[in-house]
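Subject: Structure handover

Hello,

Here is the structure I promised to pass on. Please keep it open while you read the notes below.

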Amino acid sequence: MKKPTPDDPGLHVSAPPIYRSHNDGARWSTQTDTTPTGSYACRCGQTGEATGRRQVADMVKQYEDHKASHAKDRHR
Ligand SMILES: [Zn+2]
């Protein structure tokens, strides 16, 4: 899968099947050998990458916050 770029902005997360069910605690702990990775790119040029469950989750939140900050700018 290709990564997002500022020319083709978006969020990409490559995650093992453990991500299918957040509530299934057993799956989270049994698949420690598969590490999710993620990356994002924004139209403004900001990009980010992360490796690891926690890091990817933080990155997704960071991207959401970043998009939200653009939305705020637009209404200013
Ligand atoms: Zn941006």
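Among the elements of the protein, which has the lowest mean pLDDT and which the highest? Helix 1 (residues 25–30) has the lowest, at 53, and strand 3 has the highest, at 96. Here pLDDT is the predictor's confidence in each residue, on a scale from 0 to 100. Helices (H or I, at least four residues) and strands (E, at least two) are DSSP runs, numbered from the N terminus.

This is a predicted model, in which local features need pLDDT of at least 70 and side-chain atom pairs count only at pLDDT 80 or more, while totals for chains, interfaces and linings use all residues. Residues are numbered from 1 along each chain as its sequence is written. The average pLDDT of the protein is 82, and 71% of the residues score at least 70.

Overall layout

The protein has 2 helices and 3 strands. Read from the N terminus, the order of elements is β-α-β-β-α. Of the 76 residues, 11% are buried. A residue is buried if 20 or more other C-beta atoms lie within 10 Å of its own, exposed if 12 or fewer, and partly exposed in between, with C-beta atoms placed from the backbone. Two residues are in contact if their C-beta atoms, placed from the backbone, lie within 7 Å. Taking contacts between residues at least 6 apart in sequence, 37% join residues at least 24 apart.

The 3 strands make an open sheet in the order 1-2-3, and the pairing is antiparallel. Strand 1 (10–14) and strand 3 (47–51) are at the edges with a single partner strand each, so one side of each has no neighbour in the sheet. From one strand to the next, the twist averages 5°. Axes for such angles are lines fitted to C-alpha atoms, for helices over the stretch in contact, and the angles run from 0 to 180 degrees between N-to-C directions.

Two strands count as paired if DSSP finds at least two bridges between them. Strand 1 and strand 2 (residues 37–41) are joined in the antiparallel sense over 5 bridges. In this pairing, Gly-10 is opposite Ala-41, and His-12 has Ser-39 as its bridge partner. Strand 2 and strand 3 also pair in the antiparallel sense, over 5 bridges. Here Gly-38 is opposite Ala-50, and Thr-37 is opposite Thr-51.

How enclosed is strand 2 by the rest of the structure? It is largely enclosed, because 4 of its 5 residues are buried.

Strand 2 and strand 3 form a hairpin with 5 residues between them, and Gly-45 in the turn has a positive phi of about 110°. Is Gly-45 buried or exposed? Gly-45 counts as exposed because it has 10 C-beta neighbours inside 10 Å. Although Gly-45 and Thr-5 are 40 residues apart in sequence, their C-alpha atoms are 7.9 Å apart in space.

Pro-6 belongs to the segment before strand 1. Pro-6 is exposed too, because it has 12 C-beta neighbours inside 10 Å. Leaving out residues up to four places away in sequence, Pro-6 touches Ala-41, Cys-42, Arg-43, Gly-45 and Thr-47. From Pro-6 to Arg-43 there are 37 residues in sequence, but 4.8 Å in space, C-alpha to C-alpha.

The core and helix 2

Which residues form the largest nonpolar core? There are 6: Tyr-40, Ala-41, Ala-50, Val-56, Met-59 and Tyr-63. Helix 2 gives the largest share, 3 residues. A nonpolar core is a set of buried Ala, Val, Leu, Ile, Met, Phe, Trp, Tyr and Cys residues joined through C-beta atoms within 7 Å.

Tyr-63 touches Leu-11, Tyr-40 and Gly-48, again not counting residues up to four places away in sequence. Lys-67 also lies in helix 2. Lys-67 is partly exposed, because 15 other C-beta atoms lie within 10 Å. The C-alpha atoms of Lys-67 and Arg-43 are separated by 9.8 Å, with the two residues 24 apart along the chain.

Regards
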